[in-house]
Amino acid sequence: MTRKQKRLAVIGGGVGFLVAAVLLVMFAFSQSIAYFYVPGDLQKTEVPPGTRIRLGGLVEAGSVERGSGSTVSFVVTDTIGTVPVTYTGILPDLFREGQGVVAEGAFTAGSQVFVADTVLAKHDETYMPKDVADRLEAQGVTLGGKETIR
Amino acid sequence: MIIEIGHYALVLLLATTIVQSLLPLVGTARNDPALMAVAPSAAVAGFLLTAFSFAILTFAYVTSDFSVANVWQNSHSMKPMIYKISGVWGNHEGSMMLWLLILTFFSALVATFGGNLPERLRANVLAVQGWITAAFALFILLTSNPFLRLDPAPGEGQDLNPILQDVGLAIHPPLLYLGYVGFSVCFSFAIAALIDGRIDAAWARWVRPWALMAWSFLTAGIAMGSYWAYYELGWGGWWFWDPVENASFMPWLAGTALLHSALVMEKREALKIWTVLLSILTFSLSLLGTFLVRSGVLTSVHAFATDPTRGVFILTILVVFIGGALSLFALRAPTLKAGGLFAPISREGALVFNNLILTTAAATVLTGTLYPLVLEALTGEKISVGAPFFNLTFGLLMLPLLLAVPFGPLLAWKRGDLLAAGQRLFAAAGVGLFLAAIVQWTHGGGPVLAYFGLAIGFYMLAGAVTDMALRAGVGKVTAGVARRRLFGLPGSAFGTALAHFGVGVIVIGIVAVTAFETEHVVEMKPGASVTAGGYTLTFDGMRQGRGPNYTEESGHFTIARAGVAKGEVWSSKRLYTARRMPTTEAGIRTFGFSQLYVSLGDAMSDGGIVVRVWWKPMILCIWFGALIMMVGGFVSLCDRRLRIGAPQGARKARPAPALGAAE
């Protein structure tokens, strides 16, 4: 190989690697992005079963029920719509009724129940998950007292 | 009164820094040694002022002076002393003070130990450090002043966020910042050299120790943070691809690339433009990380800053410094002459490969971290990019690099022999596959891919050992000579081998814990037991307890293996009284490199409690590996050739000794 060919080979290899990386990133994005919804959105748009989303809102007061073992069911509300959620596992320390929560998971086929595999609750007593706060604020929901949006 | 003195010291620092950032530049422009000589003294004075100011803030915390708003918000008189001290940097204002302290500390180090630098370069470097210091001092004084007073002073503080009340937090941020901010020195060197328009191999030789030091601290800081998240958050995970973690990981990736490319520049005077660009990019990523964490744009555990004025201020700093640096780079880069030529298969080629992968990986992490923010800013659409994205892209990108790591040190400069290197690594690859096969035979189970992952890890360990053995001439010379040669090898050779060995250890830890960990979520009543990783945990009951600023309920578990008692473990749920905030204190019991991890869930109405038990095989390898890498960095730093630097007059005449092909 001449020097020019060698150089071309190196540059070609480098560019090829970068292109592969870009394609990989795009593929990974298509696989792993989760959109954020509040229950009110779900009345307007249908989310197909099995599509991974993040569901945010408030845990409806009085809705938390502990089933057998470590399965818990509760209702997420944004005062406009409600979505029943089940979750198996240990809830975060800060999970409480009437407070903000983000559940990650998907709807199961033929059921209105949202099966969460991850539940995130706010990190301290004055913190509301930012996504939830923004969206609730946009819908004109006031949460009262210190728990309002920051 | 004493608080105001601390505040005043900060204002004095700003004034000193302005002098430091202007006079030396005038000095280099006019070739006036007296003006250039201002730089070191101003830098040392700046450090002393910052240290004094920081000490006063610490004093306010230690004495629980709640008339200071920052202390009131983040401290409590009942808090143990160590958390009163670590609480200084457990909040936005204090954390920025720590940033500033470490920044001025590095400036002072350059001023003190930069005696072998040409006067012009040192003056310029310190001036650039001065600009950064001035920007951040201004930021603290205008938007994040920790010395603001409250009148009347409250009687009791609001306490520190309980998850931050931990020894890990006492150590993690200082280490992280020593790394993060340490890269400012490389940035300043790059800008200083661009201002002067002179960049050669000697420049790389001066920059490399700083990059190495920052990198070693950053490695330790990230590992510490990961371990802290692992045991303190109670979720059993050791890396979440949380934006805040990514914020420190991106400079680490770029910094690792910088370490390697500076090597090429030092030895062969090639990759000059690229190395300078990497120096700028690495610190730019540090600044970006600071922006992400400090501005509160993220939804994250760590984002305890929520004031938009701060965000805009840091964004301005970010734009001015990165934009300015890149413009200067664009202006000057064409005037830099490319250096030594090399064949694609050579040590240089291998290091270019390393750089290509590391920077691509950094770009990938950057994309995944910023994409949700950009999308939300542009369209208002809220998405989350989760761990699967990063695992897929980062994991696949890293794979070729891991395989290539042992090859690098075995290839010669200029033109290497891939086949010969391959032959020498034949044994290493064999060892890797053999050990993985043994693991499969003794343990079994799990996905086949995991064993290949383990094989790669073992192969990297064997590769690092091969490298040292070849250097010592094992097999070619007598054992005595080989031993003497081994101990005569330069520190950087040991450093390289150790760091690469550490990567292998990390790979083993990550693969083992990802593929073979088991998780058991069970409802337990006293007397019930659960088996994880061959160990049987028996729940004995709960106990109420009380700490200095919390109450807790702890569960006691007895651990046995095949009927033989192996120990006990406590796992608790705490309620911090001042903030009414509950936390989970996981119970962790170590067996070799593996751990049993027990965390408590909710109490059931029938007297039982939900317990989550993980068996985490070889998980400690992840942090031990990082520790080995850090030690490698410091061992390399002890290399005499780095300390004395390049002899100035002779450096043009005499190229770097060929023997020094150690790294």
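How many helices and how many strands does chain A have? Chain A has 3 helices and 7 strands, as the legends below set out for a model that is predicted.

**View 1. Fold of chain A.** The elements of chain A follow the order α-β-α-β-β-β-β-β-β-α along the sequence. Of the 150 residues in this chain, 35% are buried. Among contacts in chain A between residues at least 6 apart in sequence, 51% join residues at least 24 apart.

**View 2. The annotated helical segment of chain A.** An unreviewed UniProt entry annotates residues 7–29 of chain A as "transmembrane region".

**View 3. The contact between chains A and B.** The interface brings 33 residues of chain A into contact with 34 residues of chain B. On the side of chain A, the elements that give two or more residues are α1 (3–32), β1 (33–37) and α3. Helix α1 of chain A gives the most, with 13 residues. By class, this side of chain A consists of 17 nonpolar, 7 polar and 9 charged residues. For the model, the ipTM is 0.79 and the pTM is 0.90.

**View 4. The largest nonpolar core.** This core holds 189 residues, of which B:F136, B:C186, B:F189 and B:A211 touch the most other members. Helix α9 of chain B (residues 201–232) provides the largest share, 21 residues. Leaving aside residues up to four places away in sequence, B:F136 touches B:M96, B:W99, B:L100 and B:L103. A second, separate core has 44 residues, among them A:L58, A:V119, B:Y597 and B:V610.

**View 5. The annotated region of chain B.** Residues 89–295 of chain B carry the annotation "domain: Cytochrome c assembly protein" in an unreviewed UniProt entry. Over residues 89–295 of chain B, the model is 77% helix and 0% strand, and the end C-alpha atoms are 16 Å apart.

**View 6. Domains 1 and 3 of chain B.** The domain assignment divides chain B into domain 1 (1–165), domain 2 (425–516) and domain 3 (518–616). The C-alpha centres of domain 1 and domain 3 of chain B lie 43 Å apart. Contact between these two domains involves 8 residues of domain 1 and 9 residues of domain 3. The residues on the domain 1 side comprise 4 nonpolar, 2 polar and 2 charged.

**View 7. Confidence in chain A.** The average pLDDT of chain A is 78, and 79% of the residues score at least 70. The pLDDT is below 50 over residues 142–150 of chain A, a stretch with 12 contacts in the model beyond near neighbours in sequence. Where pLDDT is low, the predicted coordinates should not be read in detail.

**View 8. Confidence in chain B.** Chain B has a mean pLDDT of 88, with 94% of its residues at 70 or more. Helix α3 of chain B (residues 38–62) has the highest mean, 96, whereas helix α21 of chain B (residues 640–644) has the lowest, 59. Over residues 300–306 of chain B the pLDDT stays under 50, and the model has 19 contacts beyond four places in sequence for this stretch. The pLDDT is also below 50 over residues 645–663 of chain B, where the model has 23 contacts beyond near neighbours in sequence.

Conventions
Residues are numbered from 1 along each chain as its sequence is written. Chains are lettered from A and ligands numbered from 1 in the order in which they are written. This is a predicted model: local features need pLDDT of at least 70, side-chain atom pairs count only at pLDDT 80 or more; totals for chains, interfaces and linings use all residues. A nonpolar core is a set of buried Ala, Val, Leu, Ile, Met, Phe, Trp, Tyr and Cys residues joined through C-beta atoms within 7 Å. A residue is buried if 20 or more other C-beta atoms lie within 10 Å of its own, exposed if 12 or fewer, and partly exposed in between; C-beta atoms are placed from the backbone. Helices (H or I, at least four residues) and strands (E, at least two) are DSSP runs, numbered from the N terminus. Two residues are in contact if their C-beta atoms, placed from the backbone, lie within 7 Å. UniProt positions are given in the numbering used here, feature names are shortened, and annotations may be inferred rather than shown by experiment. Domain bounds come from an automatic or database domain assignment. Ala, Val, Leu, Ile, Met, Phe, Trp, Tyr, Cys and Pro count as nonpolar, Asp, Glu, Lys and Arg as charged, and the others, Gly among them, as polar. pLDDT is the predictor's confidence in each residue, from 0 to 100.
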